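User: I would like to go through the terms used for this model one by one, and to see what each label rests on.

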Amino acid sequence: MEFSLALPRQAVGIPMVRRALGDSLHSLGVTEECVADILLAVTEACANAVRHGGPANRYEVETAIGHGRCDVRIIDRGQGLVRVPEHYPPTDAENGRGLLIMQAVVDEISFDITPGRGTVVHLRKHLDWDDDALYSRGRVLAAV
C-alpha cells in the first residue's frame, strides 16, 4: 500500500496525516503500540516541516506499507538544516527534542539534507501484527 499527501505548511494538516496513516495501519491489523510509535515519529517530523520548511508553503508525506514495515518520507522545500544536531538540548528546554523522540520510536531514521533546497526525513518501522484483531474481524492478512 502506498499513498502520498501534499499538505499546507500549517499545523492543521498534521491531524490529516495521522488519520490517514493510523487508519491504514489499523485496517491491516498492526498493533496499537506500533501504530502509536509510527504516529508519534511522523507527527514530530511533520511539525518540523511546518515549523522549519519555509519559505515553501507546503510539504509532502509519502508512505509505503509492505514487506512487514512502514516507510514514511516527510519532504519539505525549506532552507534545510546545515547538519543534524549532534547534541540535544538540556532537559529543561522547551523545544529541540523531536529528533530524539523520532529516534526512540522507529527502527531507522535518516535525513537527506540539501541546504537551501529542503530536507527529507525517512522513517522506517518494522510492523508488529495484532493477530487477534485480524481474526476477530474475520480478515486474513495477505502477504504484505
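User: Why is Cys70 called buried?

Analyst: Cys70 has a relative accessibility of 2%, and buried means under 20% relative accessible area, with exposed over 50% and partly exposed in between (1.4 Å probe, protein chains only); Cys70 therefore counts as buried. Cys46, at 1% relative accessibility, counts as buried by that rule too. This is a predicted model, in which local features need pLDDT of at least 70 and side-chain atom pairs count only at pLDDT 80 or more, while totals for chains, interfaces and linings use all residues. Residues are numbered from 1 along each chain as its sequence is written, and side-chain values use heavy atoms, with hydrogens and water left out.

User: How do you know that Cys70 is in no disulfide?

Analyst: A disulfide is a pair of cysteine sulfur atoms within 2.5 Å, whereas the nearest cysteine sulfur to Cys70, that of Cys34, is 7.9 Å away. By this rule the count of disulfides comes to zero.

User: What makes Glu2 exposed?

Analyst: Its relative accessible area is 70%, which is set against the limit of over 50% for exposed, so Glu2 is given that label. Glu2 lies in strand β1 (residues 2-8), where a strand is a DSSP run of E of at least two residues and a helix a run of H or I of at least four, both numbered from the N terminus. Leaving aside neighbours within four places in sequence, Glu2 is in contact (heavy atoms within 4.5 Å) with Thr63 and Ala64.

User: Why are α2 and α3 called roughly antiparallel?

Analyst: The axes of helix α2 (residues 32-52) and helix α3 (residues 98-105) cross at roughly 155° and come within 9 Å; axes are lines fitted to C-alpha atoms, for helices over the stretch in contact, and angles run from 0 to 180 degrees between N-to-C directions. Angles over 145 degrees count as roughly antiparallel, under 35 as roughly parallel, 65 to 115 as roughly perpendicular and the rest as oblique, and α2 and α3 are therefore roughly antiparallel to each other.

User: Which residues of α2 and α3 meet, and how do they divide into nonpolar, polar and charged?

Analyst: Asp37, Leu40, Ala41, Glu44, Ala45 and Asn48 in α2 meet Gly98, Leu99, Ile101, Met102 and Val105 in α3. The residues of this contact comprise seven nonpolar, two polar and two charged, where Ala, Val, Leu, Ile, Met, Phe, Trp, Tyr, Cys and Pro count as nonpolar, Asp, Glu, Lys and Arg as charged, and the others, Gly among them, as polar.
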